[in-house]
Amino acid sequence: MQGYLTIGEEVHPLSIHPAPGGGYRLPNGKPIALRARGGRTQVEVGEAAHDLEIAVSGGSVWIHMDGRAHQVLWLDAVDYHAQESRSAQDGTVRAPMPGAVVSLLVQAGDTVGTGDAVMVIESMKLETTIRASRAGVVEGVLVGAGETFERGAVLVEIGEGA
Amino acid sequence: MRPIRSAIRTDSAEFRDNATHNRGLAALLAERQRAVRHDRPKRDLDRLARQDKLTLRDRLELLLDPGTPFLELSTLAANDAYDADVPGAGQLTGIGMVMGREVLIRGDDASVKGGAWYPHSVKKIVRALDIAIENRLPVIHLCDSAGGFLPLQSDFFPDRYHAGRIFRNQAVLSKMGVPQVAVVLGHCTAGGAYIPALSDYSVIVRGAGAIFLGGPPLVKAATGEVVTVEDLGGADMHTSVSGVADIAAASEAHAIAIARETLGALSTPAKTAIDWAAPEAPAYDPSELYGIIPKDSRVQFDMRECMARMIDGSRFHEYQPDFGPTLVCGFARIWGYKVGILANNGVLFSDSALKGAHFIQLCDKDRTPLLFLQNITGFMVGQEYERRGITKDGAKMIMAVAGASVPKFTLNANASFGAGTYGMSGRAFDSRFLFSWPQAQVGVMGAEQAAAVLTEVKVRQLAREGRSLSDEEIAAIRDPVLRDYREQSSAWHATSELWDDGILDPVDTRNALGLCISAALNAPIPETPHYGVFRM
Amino acid sequence: MTGFPFASVLVVNRGEIAARILRTVRGLGLRGLLIAHEIDGLTPALELADDVRLVSGTTPVAAFLDINQILATARAMGAEAIHPGYGFLSENAAFARAVEDADIVWIGPAPETIELMGDKVRARAFVGERGFPLAPSATEDDAPATFTERARALGAPLLLKPSAGGGGKGMRIVRDIAQLDDELTRARSEALRYFGDGRLFAERYIESPRHIEVQVLGDAHGDVVHLFERECSLQRRFQKIIEEAPSPALTEPERDEICAAAAGIARACRYRGAGTVEFIRDEGGFYFLEMNTRLQVEHPVTEMITGLDLVAEQLRVAAGHPLSFSQGEVRREGHAIEARIYAEDPARDFTPSTGPILRLRPPIGEGVRFDAGVLEGGQVSAAFDPMLAKLVVHGSDRAQALARARNALGELVVLGVTTNVAYLRRLLADLDVTAGRMHTGLIAEKPELAADVPLDPGALEALIAAAALSLPDVRGAADAIPDLQAAMGAWRN
C-alpha cells in the first residue's frame with residue numbers, strides 16, 4: 001500500500017498501478033491520466049474526463065473540479081500508521097484552529113482532570129475553551145497570553161503526573 | 001526466429017480427453033493451494049484475532065507493491081507429511097515486488113501450529129535463502145513463530161542443512177551485500193531470535209513482537225527470574241536499550257510500511273543484461289496445453305507443441321533439428337528474454353546427449369540462460385549403446401550441465417527418471433528454480449518399471465528356492481511396489497518434500513518462468529564458463 | 001467640480017478595501033499611499049500603491065490601531081489625506097481629530113459625528129428625540145439602579161449589547177427572563193473584556209427580523225441624499241455573509257419611507273461623507289438600529305445599482321465639493337448581490353483556514369465584480385480576519401443576479417486554503433433565499449447547509465486519480481515497477 005488520501009472526513013487507501021506499456025491505472029483497472037489541454041488540465045478516468053485546476057503544496061493536493069474546491073490530504077503509509085496509533089491518551093493539547101490566546105487557566109505543575117479547561121483562545125470573533133485531553137500534571141504551557149498560533153500548534157503538554 | 005507450426009488437432013477426441021483430465025488436475029491443484037493458503041481451524045483464526053494480528057496473507061498484501069505479480073514457491077510443502085496437518089509447512093515463501101525491487105519474501109504462518117518450525121519448515125526456509133543467495137535477491141522476513149517443534153528436533157536441528165543453515169545463509173547474504181529486512185510481528189524465540197539479529201535491518205511491533213533466546217517460562221524455570229514478555233524482549237527495550245532491533249512500530253501495518261520504506265532507501269544494483277526484445281504473447285492459446293499433455297503419462301508427445309504455447313510468438317530457432325532428434329534444442333524468448341531450451345522427445349541416446357552437451361556450451365558462451373523441459377525416462381540401455389559409449393556421452397552432458405555458468409531453469413513436464421534427470425538439470429544440479437506440472441513424476445525409474453524389476457527379482461529368488469508363484473501372489477508382490485512408487489514419484493509428494501519449488505498449472509508456466517528469469521538476473525553471470533573434463 | 005486640495009491619499013487599512021480605495025484614488029489622478037504589515041506579504045493593495053511603509057505592533061492588528069505610529073508614518077510619507085477604510089480606526093473619533101489636527105484631510109465625517117453615532121446610547125437618544133422609530137429598549141446610563149428592572153420589563157426575548165461595542169461582539173439573546181441576572185453578569189464581563197466598558201443596554205429582540213440599511217451621502221454644505229437601501233439579513237452569528245441591493249422585501253412606499261428616514265437622520269446630524277443607517281424591520285415596521293460613520297464592506301452593491309463610485313464621492317466631499325447630483329437624479333437599475341469570501345471551513349464549524357494561496361482565478365463575465373484582498377502566491381495568516389475577497393454581481397433582476405452569483409462562485413478558483421465558496425453557493429440556491437424569504441435568523445435555522453455535500457462515486461474517483469497523479473511519491477512508486485511486472489499485473493500462481 002502506498003499511502004492514504006483524506007477527502008473531507010473519509011480516508012481512502014491509495015495505490016495506483018502501472019499500466020502495461022506505460023501509463024497508470026486505478027486498482028479497479030480503470031486507466032487514468034492527467035492531460036494538459038490548451039492551458040487547462042483534465043483528468044481522465046476510464047471513459048470520463050473532468051476539467052480541473054490543481055495545486056500541490058507539501059502533502060496537500062488542492063483540486064477545483066465541477067465548481068467545487070477540495071483539499072486532498074496525502075499521508076504515506078508510514079506517516080499514516082504512525083499517526084493512526086497516536087492514542088487519545090496523548091497528553092499534547094493542540095490548537096484546533098489558528099488564533100490567539102485570550103486567557104491562560106493553568107500553569108506548569110497544576111493537576112488537571114480530563115476535560116478541564118486549560119485556556120481560552122480566540123479566532124476572529126470566535127472564542128473557544130481548550131480542554132485537557134487527559135488527566136495528569138501540566139508539564140508546560142507553550143503559549144503566552146496574547147500570543148498567536150497556527151492550527152495544530154502545541155498549546156499545553158500534560159504529563160502522566162505523580 | 002520462425003514460429004513453430006503446430007500439428008495438434010484441437011477438435012480431436014484425444015485432445016478433449018486430455019484437456020478434461022488436465023483441467024481436472026489444474027482444478028485440484030487450485031483447490032489444494034487454496035485450502036493450504038486459507039483453510040485454518042477456527043480456533044487458530046480466533047486466536048490471531050484476539051492477539052490483534054493480521055493473517056500472513058494480509059501481511060503479504062500490505063508488503064507487496066500494488067498491482068504487481070507474486071510467484072509463490074513450494075505452496076504445497078509438507079502436504080504429504082504430518083498427516084497433512086501443517087499446511088505449507090507453516091511457511092510462506094515467494095518472489096514479489098517491493099518498492100520496485102524483486103525480493104524474496106518469507107514468513108512464518110502463525111495460524112499453523114503457532115508458526116512452529118517443523119523439519120519441512122526448516123527445509124523450506126533454507127531453500128528460500130539458497131534462492132536468495134544464488135539470485136542475489138533481498139530478503140524480507142515476516143517473523144512470527146513459536147519456535148522449533150521440539151518432538152522432531154533431530155530432523156531439523158543437528159545436520160548440515162538443518163536449522164543452522166538458515167543462519168549461515170543469512171550471514172552469507174549479508175557478506176554478499178544482499179540486504180535482509182526482518183519484520184518482527186510476533187515472537188522470535190531461541191533460534192528464531194537470530195533471524196532479526198542476522199538481518200541488516202529489523203522492525204518490531206510494539207506489544208506484539210518480541211525477541212529473546214528464552215521466553216518468560218523458560219527464564220523462570222532456568223533462573224527463577226520473573227519478567228514480562230515486553231520487559232524481556234519487547235520493542236521498546238530492543239530498540240532503545242539493547243540495539244537488537246532497529247525501529248519500533250505501533251502496529252503491523254506501520255511495521256510493514258517501515259520495512260517497505262527501508263528497502264526503498266537502499267541502493268538498487270544494476271541487473272545483469274542479457275539479450276532481450278519486446279515481449280510477444282505465444283501465437284497459440286496456452287490453455288491448449290491441457291489438451292496436449294497426454295492423460296496417460298506413458299504416452300509420448302512432441303515437446304515442441306508445449307513450447308509453442310509458452311514462448312514469445314511461438315518462435316523457435318532449432319539447433320541440429322535432424323541430429324539427436326530425441327532432444328530438442330534451440331533458442332526462444334520468454335517475456336522477451338532469450339533462452340536456450342533443451343526438451344525431451346524420447347529417451348536420450350549418445351547423439352542427443354552429445355548434442356545437449358554441445359548446445360549447453362553454446363548457450364554458456366552466448367550468455368543465454370538455459371531452460372530444461374523434462375520428459376525423460378532415462379538413457380537408452382542395450383549392448384549396442386554401451387559399446388558406443390552412451391555412459392560417457394551421458395557423463396559429458398552431465399558435466400556440461402554442472403559446469404554451465406548461465407542461470408538454469410528446469411520444468412518437470414511429465415517424467416524425470418534416472419540419469420536422465422541428471423542430464424536434464426534435476427534438483428541436484430543447481431537450477432535456480434525447478435517446477436513440476438501436476439501430472440509429473442520423478443524417481444529413479446518409473447513405477448511400472450520398478451515394480452516389474454522388483455517382482456522379477458523376487459520371482460527369480462523364489463525360483464532358486466524351488467518355488468513358483470501364482471498370478472495372485474505375483475500381483476501381491478507387484479501391487480504394493482507399484483502403489484508406493486506411484487505415490488513417492490508423484491508431483492504431490494515431490495513438492496511436499498521440497499524436491500521442487502512448486503507445482504505449476506501449465507498455463508501459468510510462462511509467467512512463472514518470466515519472473516524467475518528476471519529474478520535470476522539480479523546475480524551476475526561469470527565471464528568465462530569452465531567445465532570439468534569431458535570424457536571423450 | 002473636480003479639483004482636489006490634496007495630491008495624495010494614505011489608506012490606513014489592508015486587504016480588499018485598501019486595494020479598492022487605491023484603485024479609485026489613482027483613477028482620479030491622485031497618489032495612492034499605503035501602510036502595510038509585513039505578515040500580509042504581497043497583496044493587491046501593495047501592487048497598486050505608489051508608496052508604502054511598513055507598520056508594526058505587539059500584534060499585527062495592533063499595528064493598524066497605533067494612532068501615533070500611523071500619524072508619524074503619514075507625515076513621513078507626506079500624506080495629504082487619510083482614508084481609514086472600514087474597521088480598525090475608521091470610527092475612532094480621537095484618530096479623526098488627530099488627523100485633522102495634523103493638517104491632513106480626514107476622509108470621513110466630522111469627529112463629533114463619529115462620537116455621537118459611536119455611542120449607541122447617545123445615538124439612540126438623538127434619533128429618538130427627533131421622532132425616528134426605535135425598538136423598545138433600556139439603557140443603563142439613564143438610571144443604573146433601575147436598569148435590571150427596566151430590562152426585565154421589556155420582556156423576553158431580549159437582546160443585551162455593550163454600550164461601547166459594535167460589530168456584533170458581546171451581544172447575547174436572553175430567551176428565558178429568569179436567567180436575566182446571570183446573563184447580565186456574563187454580558188458585562190464580556191463587554192469589559194472586549195471594549196473596556198461594562199455598560200450595557202437592552203432592547204426587545206425582534207425575532208426573524210430583516211436587516212435593512214440605507215446608504216447616505218452628505219456634503220460639507222449640509223446637503224444629504226440617500227442611495228437606496230441594502231438588505232443584509234443573511235448573517236451568521238451577527239456577521240453578514242451575503243448582502244444585496246435593493247431589498248426584495250420592500251414595496252416602493254416602504255422604500256421611500258425608510259430611505260427618507262435615513263436621509264433625515266443623516267441630515268439631522270449634519271453628516272459629511274458616506275455613511276449607513278441600519279434598521280431592523282419586521283411586520284410592525286422598522287426601527288433604527290445604529291448608524292455607521294464609515295464606508296461599509298457591502299457598499300459595492302449600492303455602487304452596482306446606482307452606477308456611482310462611493311469612494312470617489314467620499315474624496316469629492318472631503319475636497320469640499322458639494323454633491324454633484326440631487327436626490328431626484330439618483331436612479332437605481334437592476335439588482336446586485338455581494339458574497340463575502342472567507343478563508344474558513346463551514347463543515348468544521350467555520351474554523352478559520354490559513355495557508356498559502358496556491359491558485360486564485362477570479363470569475364469573469366457580464367455583471368461580475370471581484371474585489372480581491374489577496375494575490376495568487378500570497379499567504380493567509382491568522383493575524384487578521386479571514387475575508388479574502390468580495391464577489392459582487394449585478395443582474396437585470398434578482399433572479400438573474402442570483403444565477404450569475406452562483407455561476408461566478410462556481411468559476412472562482414481558490415486553492416491553498418479552505419473557503420466558504422461552496423457554502424455560499426448552497427445558500428444562494430436555498431429556496432427561502434431565492435424566494436426572498438429572509439430574516440436574520442435564517443442561516444442559524446439551516447445548519448445543514450454548512451455540511452459538505454458528499455461526492456458522487458465518479459467525482460470521488462476523479463479526485464483520487466487526479467491527486468494520485470499529482471503526487472510525485474505516488475507516481476514514482478508506480479513508475480518504479482519494471483515493465484515485466486507492470487505487464488503481468490497482480491498475477492498469482
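Modeller: One definition before anything else: a salt bridge here is a side-chain nitrogen of Lys or Arg within 4 Å of a carboxyl oxygen of Asp or Glu. This is a predicted model, in which local features need pLDDT of at least 70 and side-chain atom pairs count only at pLDDT 80 or more, while totals for chains, interfaces and linings use all residues. Residues are numbered from 1 along each chain as its sequence is written, chains are lettered from A and ligands numbered from 1 in the order in which they are written, and side-chain values use heavy atoms, with hydrogens and water left out.

Colleague: Fine. How many salt bridges are there between chain A and chain C?

Modeller: There are four between chain A and chain C. One that I can name pairs A:Glu53 with C:Arg359, where the closest N and O atoms are 2.4 Å apart.

Colleague: And which part of chain A gives the largest share of the side that touches chain C?

Modeller: That is strand 7 of chain A, residues 48–57, with seven residues; helices (H or I, at least four residues) and strands (E, at least two) are DSSP runs, numbered from the N terminus. By residue class, the side of chain A that touches chain C divides into 32 nonpolar, 14 polar and 11 charged, where Ala, Val, Leu, Ile, Met, Phe, Trp, Tyr, Cys and Pro count as nonpolar, Asp, Glu, Lys and Arg as charged, and the others, Gly among them, as polar.

Colleague: How much area do chain A and chain C bury between them?

Modeller: About 4700 Å², with 67% of it on carbon and sulfur atoms; buried area is the accessible area (1.4 Å probe) that two parts lose on being put together, summed over both. A:Tyr24, A:Trp62 and A:Arg68 supply 13% of the area that chain A buries against chain C, more than any other three residues. Counted as contacts, meaning heavy atoms within 4.5 Å, 57 residues of chain A are in contact with 58 residues of chain C.

Colleague: What about chain B against chain C, how much is buried there?

Modeller: Chain B and chain C bury about 1600 Å² between them, 60% of it on carbon and sulfur atoms. There is one salt bridge between these two chains, and C:Arg492 forms a salt bridge with B:Glu61, with the closest N and O atoms 3.1 Å apart. Helix 20 of chain B gives the most to the side of chain B that touches chain C, with five residues.

Colleague: Is B:Asp144 buried or exposed?

Modeller: B:Asp144 is buried, with a relative accessible area of 2%, and is found in the loop between strand 5 (139–143) and helix 5 (163–176) of chain B. The side chain of B:Asp144 makes a polar contact with that of B:Lys53 at 2.9 Å; a polar contact is a pair of N or O atoms within 3.5 Å, where within protein one must be able to donate a hydrogen and the other to accept it, and residues adjacent in sequence count only if both atoms are side-chain atoms. Among the other residues in contact with B:Asp144 are B:Arg59 and B:His187.

Colleague: Back to B:Arg59, then: which residue does its side chain meet in a salt bridge?

Modeller: The partner is B:Glu252, at 2.8 Å, N to O. B:Arg59 lies in helix 3 (residues 56–63) of chain B and B:Glu252 in helix 10 (residues 252–265) of chain B, so the pair ties together parts that are 193 residues apart in sequence. B:Arg59 counts as buried at 1% relative accessibility, and B:Glu252 counts as buried at 7%.

Terms used:
Buried means under 20% relative accessible area, exposed over 50%, partly exposed in between (1.4 Å probe, protein chains only). Lists of a residue's contacts leave out its neighbours within four places in sequence.
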